[in-house]
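Student: I have just opened this structure and would like a friendly tour. Could you take my questions one at a time?

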Amino acid sequence: MKRLLHIVCVCMAFGTVDAAALTLADCERTTHISHGGEADHRDLGDARVMWRDWWSQEGSATSFSIVDCGPGAVLTFLSQEENMGARLPFDRTDKALAIIARHEDGARAFATFDRIAADLNGIARDITITILDAEPCACAALYPEARGDKTEFKLAG
């Protein structure tokens, strides 16, 4: 055990601990103390990842992000909301995830973010497609070679 600890310390001192050691479990985190965070990171294959953002304080909300790691395109949508403001509560998470599954089970060439967003319209809320300039954790963990010129993800310690 003492020898293993010594090896780990030496590797860390010389910077030989590879960023590839990052896992999806490392991406699970609370982003707002006790009432918001990222969870359920998944590999969708072909350099595409997905995770759930959650919020639960006086109200609750669930949104999802799907990222195409290479270009950094991200599709986000809200699937559940209650007591978050003036809008009526809703929960269409199961329906929204079924749409994502249907697209992901088919040919990737047809699973474009525009098509997925169109199918989510009327099911989910606040659907957006944007381009990231920073690498998200799940892409860093699974597809670091797809980073390109995006800012490298660093796990906060």
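This is a predicted model: local features need pLDDT of at least 70, side-chain atom pairs count only at pLDDT 80 or more; totals for chains, interfaces and linings use all residues.

Student: What share of the residues counts as buried?

Tutor: A residue is called buried when its relative accessible area is under 20%. Of the 157 residues in this chain, the share that counts as buried is 38%.

Student: Among contacts between residues at least 6 apart in sequence, what share joins residues at least 24 apart?

Tutor: Contact here means heavy atoms within 4.5 Å. Taking the contacts in the chain between residues at least 6 apart, the share joining residues at least 24 apart is 42%.

Student: Are H3 and H4 roughly parallel or antiparallel to each other?

Tutor: Helix H3 covers residues 93-105 and helix H4 covers residues 113-120; their axes come within 10 Å and cross at roughly 150°. Angles over 145 degrees count as roughly antiparallel. The two helices, H3 and H4, are therefore roughly antiparallel.

Student: Is the crossing of H3 and H4 left-handed or right-handed?

Tutor: We have already seen that the axes of H3 and H4 cross at roughly 150°. As for its hand, the crossing is right-handed.

Student: Which residues of H4 meet H3, and how many charged residues does the contact have?

Tutor: From H3 come Ala96, Ile99, Ile100, Arg102, His103 and Glu104, and they meet Arg115, Ile116, Asp119 and Leu120 in H4. By class, this contact of H3 with H4 has five nonpolar residues, one polar residue and, for your count, four charged ones.

Student: Is Asp40 buried or partly exposed?

Tutor: Asp40 sits in strand S2, residues 36-45. Its phi is near 60°, a positive value in a residue other than glycine. With a relative accessible area of 42%, Asp40 is partly exposed.

Student: Is Asp46 buried or exposed?

Tutor: Asp46 lies in the loop between S2 and strand S3 (48-56). Phi of Asp46 is near 50°, again positive in a residue other than glycine. The cut-off for exposed is over 50% relative accessible area. Asp46 has 59% relative accessibility, so Asp46 counts as exposed.

Key
Residues are numbered from 1 along each chain as its sequence is written. Side-chain values use heavy atoms; hydrogens and water are left out. Axes are lines fitted to C-alpha atoms, for helices over the stretch in contact, and angles run from 0 to 180 degrees between N-to-C directions. Helices (H or I, at least four residues) and strands (E, at least two) are DSSP runs, numbered from the N terminus. Angles under 35 degrees count as roughly parallel, over 145 as roughly antiparallel, 65 to 115 as roughly perpendicular and the rest as oblique. A crossing is left-handed if the near helix is turned anticlockwise from the far one by less than a right angle, and right-handed if clockwise. Ala, Val, Leu, Ile, Met, Phe, Trp, Tyr, Cys and Pro count as nonpolar, Asp, Glu, Lys and Arg as charged, and the others, Gly among them, as polar. Buried means under 20% relative accessible area, exposed over 50%, partly exposed in between (1.4 Å probe, protein chains only).
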